[in-house]
Amino acid sequence: MKKVLITGGCGFIGSNLVRYLIENHPDYQFINLDALTYAGRRENLSGLERLPNYRFVHGRIEDTKVVEPIMREGIDTVLHLAAESHVDRSIDDGGAFIRTNVEGSYVLLDLARRNDVKTFVQISTDEVYGSLGAEGRFTENSPIDPSSPYSASKASADLIALAFNHTWGMNVMITRCSNNYGPYQFPEKMIPLFITNAFEDQQVPVYGDGMNIRDWIHVIDHCRAIEMVWKNGKAGEVYNVGADNERTNIELTRMILKDCGKDESLMRYVKDRPGHDRRYAIDSAKIRSQIGWLPSFDFEQGLKDTISWYKANTDWWRKIKLNDPNYRAFCERLYGAAPKLGKSAIAEK
Ligand code: NAD
Ligand code: TYD
């Protein structure tokens, strides 16, 4: 059985990807290497642990003592998602972003090359292109111009990955996807933070004037894109992934509050994020025409379904918001207060 190493499989996108691939590729063995940082939760994949073609390894991607024995087992493909992923945390303290996103990516690439891994997919982000004005969209030829320590660390990893292709002809491909939403997203990111605050009748903190634009895609559409690039991508190529779904933060906040059955009195404008990128918009013509990928989720319905998932999985996020000291301390630094959990709107129903 061919082996696929997925890094960061206990995080938001990783856990959706592992579940999706195990269901669709029973002919592969999947190894999930994850450090279980604040964002990685083993319980996200607890149902899979008994399957014969799934194995969890607890460890850090920058630790050669952990990565080398895995690579020596004979890995066919690496799908590399492990990362520090939250822009606000990278502004708060960027050191972990350099260690994981830059150094960790190098260690994986180096040991993959030395152990003849056939395919390496680097999961990157549209944020490496920086910020757009009102017009235009990012193509794969847009200049790399990252703004935050997070996006700069991802851009660095992308350049290292491309250098491995250029120097050794390694079969490396990069996906650059826009903002994901869906189940299992950690409640520090905008959509799950606003949904879970709204459930608890807590205010939702909109940065600046709320007119920043993000281009949203359902996480399963992203997972399908990763699968198709793994199977059909070309060495050394970059593929943008996006669903043509730009929204201002205000527009999205209104949708969330309405779908959660709340009114706009919960909206609170707060101090802007330093260096806040104004607009992201993805041109994904290349992956559509060359690989045949197309998004399949309708955003309005996908958002409603995501809200339903958070409603049905209250314990999952309440535990984080109430009990995780790392999360609570970060919220205190960022918003000036740890989350308060009000009388749950869910319990009232
Ligand atoms: P996440 O923060 O939810 O999960 C990251 C996972 O990586 C966690 O399970 C964590 O434990 C693990 N991890 C962190 N440091 C590690 C280390 N040193 N060694 C091993 N594991 C480590 O992130 P996500 O939102 O699921 O993003 C996954 C990937 O997709 C990232 O590379 C991110 O840059 C990229 N991406 C995310 C988005 C998005 O909207 N969330 C969009 C485009 C690209
Ligand atoms: P986020 O989910 O952090 O993703 P990214 O910064 O990687 O795009 O934020 C999405 C948008 O929402 C971004 O413009 C910042 C904004 N935002 C808020 O207005 N308030 C918040 O509390 C957070 C976390 C984000």
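Modeller: Gladly! Let's begin with a polar contact, which is a pair of N or O atoms within 3.5 Å; within protein, one must be able to donate a hydrogen and the other to accept it, and residues adjacent in sequence count only if both atoms are side-chain atoms. Here, a side-chain N or O atom of Arg273 lies 2.5 Å from an oxygen atom of ligand 2. Please keep in mind that this is a predicted model, where local features need pLDDT of at least 70, side-chain atom pairs count only at pLDDT 80 or more, and totals for chains, interfaces and linings use all residues. Residues are numbered from 1 along each chain as its sequence is written, chains are lettered from A and ligands numbered from 1 in the order in which they are written, and side-chain values use heavy atoms, with hydrogens and water left out.

Biologist: How many residues surround ligand 2, and which are the closest?

Modeller: We call a residue near a molecule if one of its heavy atoms lies within 4 Å of it. For ligand 2 there are 20 such residues, and the closest are Glu127, Pro205, Arg214, Arg273 and Tyr335. Two further side chains also have polar atoms by this ligand: Asn179 has one 2.9 Å from a ligand 2 oxygen, and His276 has an N or O atom 2.7 Å from an oxygen of ligand 2.

Biologist: And which residues are closest to ligand 1?

Modeller: Ligand 1 is surrounded by 29 residues, with Ile13, Asp34, Ser85, Tyr150 and Lys154 the closest. Asp34 places a polar side-chain atom 2.5 Å from an oxygen atom of ligand 1, while the side chain of Tyr150 has an N or O atom 2.7 Å from a ligand 1 oxygen. With Thr37 the backbone takes part: one of its N or O atoms is 3.0 Å from an oxygen of ligand 1.

Biologist: Into which domains is the protein chain divided?

Modeller: Domain bounds come from an automatic or database domain assignment. In this chain, domain 1 covers 3-181 + 217-241, and domain 2 covers 190-213 + 245-274 + 299-335. Their C-alpha centres lie 26 Å apart.

Biologist: How much area do domain 1 and domain 2 bury between them?

Modeller: The size of an interface is often given as the accessible area lost when the parts come together. Buried area is that loss (1.4 Å probe), summed over both parts. Domain 1 and domain 2 bury about 1,300 Å² between them, with 53% of it on carbon and sulfur atoms. On the domain 1 side, Asp88, Arg89 and Tyr181 lose the most area to domain 2, together 44% of what that side buries. If we count contacts (heavy atoms within 4.5 Å), 12 residues of domain 1 touch 17 residues of domain 2.

Biologist: How many salt bridges are there between domain 1 and domain 2?

Modeller: Side chains of opposite charge can pair when their charged atoms come close. A salt bridge here is a side-chain nitrogen of Lys or Arg within 4 Å of a carboxyl oxygen of Asp or Glu. The count between the two domains is three. Elsewhere to look, Arg333 and Asp92 meet in a salt bridge of 2.7 Å, N to O.

Biologist: What is the total by this rule?

Modeller: The count comes to 25 salt bridges. Among them is the pair of Glu73 and Arg55, at 2.6 Å, N to O.

Definitions and conventions: Buried area = accessible area lost by both parts, 1.4 Å probe.
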